[in-house]
Amino acid sequence: MTQLLWNGLFVGSFYALVALGYTMVYGIIRLLNFAHGDLYMLGAFVGFGVLSVAGGLATGLGFVALLIVMLIAMLVTGTAGLLLERVAYRPLRDAPRLSVLITAVGASFALEYGMRLVAGPNPEVYPVRLAGDPVNLLGARITIQQASLIVIAVLLMAGLQWLVMGTETGRAMRAISQDPTAALYMGINVDAVIARTFFIGSALAGAAGVMAGGYYGKIDFLMGFVIGLKAFTAAVIGGIGNVKGAMLGGLTLGLLESIGTHWIGGQWRDVFAFTFLIIFLTLRPTGILGERVTERV
């Protein structure tokens with residue numbers, strides 16, 4: 001059971017980092033950015049490209065190389081998120097929501113098959129893996145590298161929480177989520193704050209992509225589709241639009257998958273997780289930390 005809990009928390013940290021981008025964007029402009037999962041895929045491929053170019057140097061540095069590459073991937077995916085917001089979403093901010101939703105789906109396919117053209121259709125093996133001698137902790141086999149990534153994920157999530165609740169940018173984000181027109185009249189640069197939100201959320205997705213590449217060891221151009229659905233599920237479970245809820249939802253989904261894999265087999269884990277989502281939302285439609293709100297017109 002301890003091993004199941006550890007595996008669930010480790011995978012759930014990936015989901016939580018990606019779910020944060022979903023929930024931040026939705027909380028501010030009520031947009032379901034279905035291209036967000038593909039920024040996770042982009043981060044994984046950026047890490048793969050940098051590690052492949054570094055070659056033996058990256059292999060020698062091992063886990064340190066993975067951390068350096070994670071920072072590079074965060075910058076690249078954050079910039080990609082900025083471009084996506086500026087080119088695809090900002091011109092449609094006042095358009096019907098169905099138009100924006102279709103654009104998000106189109107952006108997702110553009111990223112996926114653009115990467116297919118660049119990297120090819122075949123899966124790639126990550127040059128650096130999270131290998132190491134495991135230690136036994138309360139019955140769970142844990143490596144130092146895995147524990148380090150958990151710590152990094154927790155620090156990123158804690159940093160985001162501090163940014164949202166304790167800084168001027170965070171106050172501006174919360175103001176825009178309440179009423180963007182009033183925030184504009186109060187002197188807040190709404191476009192700049194929304195752009196920062198896309199950058200931060202996309203950077204977190206890129207970090208999760210590198211973590212997943214190092215953990216699973218294999219990446220492909222469609223890996224963002226499934227993680228996008230699961231991260232969206234995690235955001236909904238936690239209460240979409242709620243930062244703490246996205247973190248909690250990601251960890252909850254990771255634990256559900258780990259337990260489901262143990263009980264009914266790996267091929268049924270997604271069925272187990274999404275069945276839980278249906279049952280849970282039937283009982284609590286707003287999610288774990290979500291609140292009923294009046295729809296903004």
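I began with alanine 73, which I found placed in helix α4 (residues 63–89); helices here are DSSP runs of H or I of at least four residues, and strands are runs of E of at least two, numbered from the N terminus. The model is a predicted one, in which local features need pLDDT of at least 70 and side-chain atom pairs count only at pLDDT 80 or more, whereas totals for chains, interfaces and linings use all residues. Residues are numbered from 1 along each chain as its sequence is written, and side-chain values use heavy atoms, with hydrogens and water left out.

**Alanine 73.** I noted a relative accessible area of 0%, so alanine 73 is buried (buried is under 20% relative accessible area, exposed over 50%, partly exposed in between, with a 1.4 Å probe and protein chains only). Setting aside its neighbours within four places in sequence, I listed Gly43, Val46, Gly206 and Val210 as the residues in contact with alanine 73, where contact means heavy atoms within 4.5 Å. I also looked up glycine 49, which is 24 residues from alanine 73 along the chain, with 10.0 Å between the two C-alpha atoms.

**Helix α2.** I then turned to α2 (residues 36–54), whose 19 residues reach 28 Å from first C-alpha to last, close to the 27 Å expected at 1.5 Å a residue; the expected span is 1.5 Å times one less than the number of residues. I counted α2 as mostly covered, with 14 of its 19 residues buried, and after the helix I found glycine 55 with a positive phi near 60°.

**Helix α10.** Just after α10 I noted glycine 239, with a positive phi of about 115°.

**Annotated spans.** The unreviewed UniProt entry carries the annotation "transmembrane region" for several spans, including 96–115 and 221–240; such annotations may be inferred rather than shown by experiment, feature names are shortened, and positions are in the numbering used here. I found residues 96–115 to be 95% helix and 0% strand, with end C-alpha atoms 29 Å apart, and residues 221–240 to be 80% helix and 0% strand, with end C-alpha atoms 27 Å apart.

**α1 and α7.** I looked up this helix pair and found axes that come within 6 Å and cross at roughly 55° (axes are lines fitted to C-alpha atoms, for helices over the stretch in contact, with angles from 0 to 180 degrees between N-to-C directions). The two helices are therefore oblique to each other, since angles under 35 degrees count as roughly parallel, over 145 as roughly antiparallel, 65 to 115 as roughly perpendicular and the rest as oblique. Where they meet, I listed Met24, Gly27 and Ile28 in α1 against Met173, Ile176 and Ser177 in α7.

**Aspartate 179.** I placed this residue in the loop between α7 (168–178) and α8 (180–185), and with a relative accessible area of 36% aspartate 179 is partly exposed. A polar atom of its side chain lies 3.1 Å from the backbone nitrogen of alanine 182.

Terms used:
A polar contact is a pair of N or O atoms within 3.5 Å; within protein, one must be able to donate a hydrogen and the other to accept it, and residues adjacent in sequence count only if both atoms are side-chain atoms.
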